[in-house]
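Visitor: I am new to protein structures. Could you show me one and help me read it?

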Amino acid sequence: MATIPVTPRSARADRSRQPPLGEVLHRALVTSVALAIAGLILFVAVRGFSYYTLGIEQRPLSPLHAEFRSSGTVGLKLGILSVSMLGILFLYPIRKHFGWLKRIGRTRRWLNVHVVFGITTPLVVTFHSAFRWYGVAGLAYWTMIAVALSGFTGRYLYAKMPRSLNSVALTMAELEAQAAALAAELAQNSLFQAEDLAPLLTVPSAEEIRSMNLGRTLWNMLWMDLVRPFQVGRLRRRVLAGAAQIRTLGGLVASRNATLESIVSLARRQSRLRAAMAFLDRTERIFRLWHVVHRPFSISFVALILVHIGVALSVGVLHAH
Ligand code: HEM
């Protein structure tokens, strides 16, 4: 396993680097929207609890039926809200499709909005549906759930993809720089031997990765991400004793030992980068395949939703209120 070199990054410098105002505003906006929708869902769930938990036959007898059934005063508003939220959710794919729109805003921020609406819209739709999934609307519902769930895999893979060839070169350089920084830190103090870091820094060889099928590749990537915090914890436990072990929850959270944290942070970053670079070819392939599934499902979902809305309008649901 080759180790790699560069200028040590100061943990203090990292901490003092403030995000730009645009980023702060974006995060505040996205968080506020997510909290507002979560609040609304909670409110509807609490108010409608005794209705939603009734059997289908008993519902029409409930005084809450006029409010919480799908076409009720609350239910219908939730349906209209869901369609508006879907409109916002689809801004990301629309922007991706039309080249000239790409100049507006940053892709990562648009994707954040997509993800927040991709998670919250199905929840609002669930309450609009009043937990009844039949016919075209039911098919649309489960298609949406499948698309939303697959979104998590997509988001996971997306995070591992370098944004451009340029950034691949930058990542390689960073990898080398970090290996040098790590080697320098290890040489300067006697906290760890190189072999202590080996479990964290070892990645499957190109040949091993080539022999894996796509499912196994994905599982391997996920497994490495899941065990990484525990490998880091084991490193911290080698150095910390007694109360410090308890304070760091057995090494799972940062300690007050600056040297230890500097090494741990370098080793962790390098571990992530090494894994991302080792699996890069495969990640690209799986991500392409993921699009092949995600896109047609999304299009079918929109078609089903349009049929559902058409049916609702034709039976006069909106005029009933
Ligand atoms: C109702 C739910 C959702 C719908 C209808 C939906 C729809 C779409 C569509 C149409 C695309 C563009 C596909 C393409 O370019 O080929 C897309 C991309 C994507 N979505 Fe979703 N999505 C939903 C939920 C989610 C969720 C919950 C997540 C994450 C947790 C997510 C993550 C992504 C990612 C990572 C991409 C690809 C980004 C890229 O390649 O540029 N989606 N989604």
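Here are some questions and answers about this protein.

Guide: This is a predicted model, in which local features need pLDDT of at least 70 and side-chain atom pairs count only at pLDDT 80 or more, while totals for chains, interfaces and linings use all residues. Residues are numbered from 1 along each chain as its sequence is written.

Visitor: What separates the centres of domain 1 and domain 2?

Guide: The domain assignment (automatic or from a database) gives domain 1 as 21–132 and domain 2 as 165–286. Taken over C-alpha atoms, the distance between their centres is 38 Å.

Visitor: Are α5 and α7 roughly parallel or roughly antiparallel to each other?

Guide: Helices here are DSSP runs (H or I, at least four residues), numbered from the N terminus. Helix α5 (residues 73–89) and α7 have axes 9 Å apart and pack at about 160°; axes are lines fitted to C-alpha atoms over the stretch in contact, and angles run from 0 to 180 degrees between N-to-C directions. Angles under 35 degrees count as roughly parallel, over 145 as roughly antiparallel, 65 to 115 as roughly perpendicular and the rest as oblique. Therefore α5 and α7 are roughly antiparallel.

Visitor: How do the residues of the contact of α5 with α7 divide?

Guide: Residues are in contact if their C-beta atoms, placed from the backbone, lie within 7 Å. Among those meeting here are L78 and M85 in α5 and F117 and V124 in α7. Ala, Val, Leu, Ile, Met, Phe, Trp, Tyr, Cys and Pro count as nonpolar, Asp, Glu, Lys and Arg as charged, and the others, Gly among them, as polar. The contact of α5 with α7 has eleven nonpolar, eight polar and no charged.

Visitor: Which residues of α10 make the contact with α14?

Guide: On the α14 side, the contact is made by A267, Q270, S271 and R274. On the α10 side, the residues are L197, L200 and L201.

Visitor: Is A130 buried or exposed?

Guide: A130 is in the loop between α7 (107–128) and α8 (135–160), and has a positive phi near 55° without being a glycine. A residue is buried if 20 or more other C-beta atoms lie within 10 Å of its own, exposed if 12 or fewer, and partly exposed in between. Because A130 has 22 such neighbours, A130 counts as buried.

Visitor: And F131, buried or exposed?

Guide: F131 is also in the loop between α7 and α8, with a positive phi of about 60°. With 12 C-beta neighbours inside 10 Å, F131 counts as exposed.

Note on methods
Contact = placed C-beta atoms within 7 Å. Helix = DSSP H or I, 4+ residues; strand = E, 2+ residues; numbered from the N terminus.
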